[in-house]
Amino acid sequence: MKIAFLSQYPISTPLHGGQRRMSAIVEVTRSAGHEVLHVPLFFAQYFPEGNALERETAFDAAHLKHLTEHQLREDLDIVEGAQHSAAALERAVQKLRNFAPDVIHFEQPWLYRLLETVIDSDPGLAKTQLVYGSQNVESQLIDPAFASRTAEIEGHLVRKADLVVAVSTADAAAFDAMRPDTARPTVLAPNGCWAPDVDAPQMSNLLTQDYALVAGSAHPPNAEGYWDCVGTLPGFLPPRSQIVIVGGMNNLLGADRRYQFFRLLNSNLVTHMGQVPEEKLTALLQHAKVIALPITEGGGTNLKTAEALMWLKPVVAMRPAMRGYEAMEGVSGVYIADTPRAFRRLMRDAMTGALTSARTAQEVARYAWPAQLAPLVAAYQTATV
Amino acid sequence: MSDFRLASPQLESTGLMPSEKKILLDISTSYNFRSLRPVGILRVEHELITAFTKAYGDRLVLGVYDPAKNAYFTFPKDKVESIIFRNEQETGTLMERALTATAKWRSWVRVARFALTAPRRSRQVSGTGDQTHKLRERILADELLRMSNDEFTMLIKGLRALARLRPRLNGRCDQLEQINHRAHHGILQPLDQSLRDLDNQIDPTQIGNYICAGTFWSDTRHIYAYDMRNAHGWRTHYLIYDLIPILWRHVAEPHTRETFPASLHWVLWGVDQIWTISETTSRDLIAHIEEYGYPRPDDSWIKPIYLGCELERKDDPDGLAQNVLARHKLEPGKYVLMVGTQEARKNHEFSYRLWRELCQRHNEVLPLVWVGQPGWAIDHFLQMVSLDVGLPHDAIRILTAISDPELDMLYRNCRFTLYPSLYEGWGLPVVESLNYGKPCVCSTADSIVEAAGTSCEAIPLTQVETWLDRVWALMSDELAYTEALARAAQFKGYRWQDFRTNLIADFDRFEQAMAPRDVTPATIPAAELPSEEKAV
């Protein structure tokens, strides 16, 4: 079967959660024996990591300039100024035509508005099966000011798709509520991660002190979760230990006025690593004393949670971080807090060694990408039936 | 989730019984600031010296911390009276500091001059080692003192802005702030060389208890004590005054608001007993511990010990204090007093607005007398007051260089006092005022109400009309004033003797509670001790 994927980001170097999920879906689908094509339509300014092949379908800079000048959003308003990206769109459609897919999978709803007319009117593409997937219910997560327009765009694609895929039961229920009663139920394919080789030789430790690891993209709720849970003064860290932050959330934290509170103390206790390459992240995960998930809001499920669980180390998480991983509650080394204060106490106990983990790889095997995405791969088989 | 407590430090096997080990009382603050008037923290540290010397005699060691050597040095007890209490030996390092330039552009010229000159002069000192380091610090201090504190703040703000582009500059800024702080207080290199003699260095293995009532946040002594607690089983005891640099950091001095929370972090991870100066501070401290996830010490080892409030009566052989009223054109019983460093937290601004409004509404408003040194970031406010044409001339008098006998005279002769502080650890001027039998109209800050009870006239700062009415009544209504005097007279006061007694009693209580451990050393055969410890 030929399956084409369209997303608004490249995946050759997956950094943020959306990229990593898309990348995993493509990889697992290919491993299952399908022929796959990924066509990213994205703003290269935001994703410089895209490779040459991916940049063939990158939007034109004038398109982004148009959106910026008119104070429009790059997701919801993507059709505005799209004439500047006509060449990129044409190349994307040509790739699809050449590939002649059986299934087109749109990840997130935004691109479909750009391509709907072309696909519906193209004799080679019009009869392909349409799959919609997202790791959020966008209309629930977006700023309320944009919720109704988002619901319209999202609902249109959800209703029209032959198959819808969600990351959590809550999201699946939300999508099903948008679809006609006769439609096929939403497929649940939660987030996962690639199983780390926990027995691999230790990479050199980048830091000399004990540390807790927090990973997060530049998604604003990640920063809010940090402020809520870690707070302005991480008193739970014993002297000569640290909290290490990786990912784009560094920029959000640094731009926040709370970052200036207790500057000296935080400069001793908090290390901002920013975006790190995969091998550096692996080294950081290998040597972390505890993996922290200070997540207090957001939809979907968190890739970070799956990854944290798979490393078999003590994990301290706020309950929203465990959405989709409820079965892990009570498993060794998984410590869940319902309040920020409880989170800080758990962090303190984990950093002093009072909380440990005896979790086994078997207990978390179900969270590996192949296992998590198996229902989706199976559903592709039947989508064309 | 466990109810995590700090682990007790591991017993150190020196062969000494804990009760035979020495008690190290940190007097670094008193030593470093020995040229200043013994008020506030200095006065408390002096009281601790007196109390522990009397209670523990030879078991007590007075120690001065040297951050350069990361070690404590013994201060001779026979010199406490002359050097610490009476300051007969000057520090010799006090340097004059420039006042803020009269024009903003001149201030910027000074900042630019520092940026150009200081690095160049510093680089001219070649070499490495302690002496070179000291020389460079001296040069930087010399250059820093050519700017006022406000101008230094301008410099640091500029550097911090640049540090967003070059984060390494943050470290430089921290260093500069340290040097500026020490140079400003004349403690750049306060330790007398004879004190730093290696023979005089305190052997940490001989110490059982460590007591600190000083400014542990001004250097690295808290880290040293933390390490010694872990390495040698020291029991650590701290006296904590308030959490102003954390809770009211926006109105705290910029250096302290960074160093205090960073240092308290180490303290809270390595403390066995905490004394505070009020229930308010105890409550704030416990809330801080709970909020940020610090290990919570056993509640029974966090205890408020109230300070005394008697003013130290110094001799006034020349009778100069008698003249203080005449010098400032004040008549006995016809002025209102407000004592405290001029800084935002003390809320001089509130009293200024109060007086301004009173003068608009009434004739013959008594003058308000502010007694205290100008503190951090007050220049603009003081300038505003001095330029205010709506405030009658001499309605507010500012007295900055007042001796203890003069303050005594000012208290005795005022009609009543004012204390609209936003927050205090204890609120000494309120109890001082009541101790003189003078009514005090004050804010409802927790510690003030705790210290003064019903004897003070506490009014919420949000009720401005009530303040205006009450202050005017105490000036103009003799019946109201007489009632207020009667209420102030009910104040029982606090004595330093009680502070010393309560502190020693609480320390003894701790010692007794820990006493069972005394038997442990005898059970460790000498053969099992590491060689280093056997040598002790």
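Tutor: Seven strands of chain B form an open sheet in the order E3-E2-E1-E4-E5-E6-E7, with mixed pairing. Strands, of at least two residues (E), and helices, of at least four (H or I), are DSSP runs numbered from the N terminus, and two strands count as paired if DSSP finds at least two bridges between them. The edges are E3 and strand E7 (302-304) of chain B, each of which pairs on one side only. On average, and with direction ignored, neighbouring strands of this sheet are turned by 25 degrees against each other.

The model is predicted, so local features need pLDDT of at least 70 and side-chain atom pairs count only at pLDDT 80 or more, while totals for chains, interfaces and linings use all residues. Residues are numbered from 1 along each chain as its sequence is written, and chains are lettered from A and ligands numbered from 1 in the order in which they are written.

Backbone hydrogen bonds pair the strands of a sheet, either parallel or antiparallel. The parallel sense is found between strand E1 (residues 22-26) and strand E4 (residues 207-212) of chain B, over five bridges. In that pair, B:Ile23 stands opposite B:Asn209 of E4(B). Helix H11(B) packs on the sheet and touches strand E5 (235-240), strand E6 (273-276) and E7 of chain B. Its direction makes about 155 degrees with that of E7(B), where axes are lines fitted to C-alpha atoms, for helices over the stretch in contact, and angles run from 0 to 180 degrees between N-to-C directions.

The antiparallel sense is found between strand E2 (residues 60-66) and strand E3 (residues 71-74) of chain B, which four bridges join. B:Asp66 has B:Ala71 of E3(B) as its bridge partner. These two strands form a hairpin with four residues between them, and in the turn B:Asn70 has a positive phi of about 50 degrees.

The domain assignment, whose bounds come from an automatic or database source, divides chain B into domain 1 (18-91 + 191-308 + 498-534), domain 2 (104-184) and domain 3 (320-489). Taken over C-alpha atoms, the centres of domain 1 and domain 3 of chain B are 35 Å apart. Their contact takes 15 residues from domain 1 and 13 residues from domain 3 of chain B; residues are in contact if their C-beta atoms, placed from the backbone, lie within 7 Å. On the side of domain 1 of chain B that touches domain 3 of chain B, helix H9 (244-247) and H11 of chain B each supply at least two residues. H11(B) gives the most to that side, with three residues. By class, this side of domain 1 of chain B has eight nonpolar, three polar and four charged residues, with Ala, Val, Leu, Ile, Met, Phe, Trp, Tyr, Cys and Pro counted as nonpolar, Asp, Glu, Lys and Arg as charged, and the others, Gly among them, as polar.

The contact between chains takes 20 residues from chain B and 22 residues from chain A. The elements of chain B that give two or more residues to its side are helix H7 (169-184), helix H10 (254-268) and helix H11 (279-292). The largest share, seven residues, comes from H10(B). The side of chain B that touches chain A divides into 11 nonpolar, five polar and four charged residues.

As for chain B in general, there are 22 helices and 13 strands. Of its 536 residues, 40% are buried, a residue being buried if 20 or more other C-beta atoms, placed from the backbone, lie within 10 Å of its own, exposed if 12 or fewer do, and partly exposed in between. Of the contacts in chain B with a separation of 6 or more, 75% join residues 24 or more positions apart. B:Thr117 counts as partly exposed because it has 14 C-beta neighbours inside 10 Å. Between B:Thr117 and B:Asn170 there are 53 residues in sequence and 20 Å in space, C-alpha to C-alpha.

Technical notes:
Contact = placed C-beta atoms within 7 Å.
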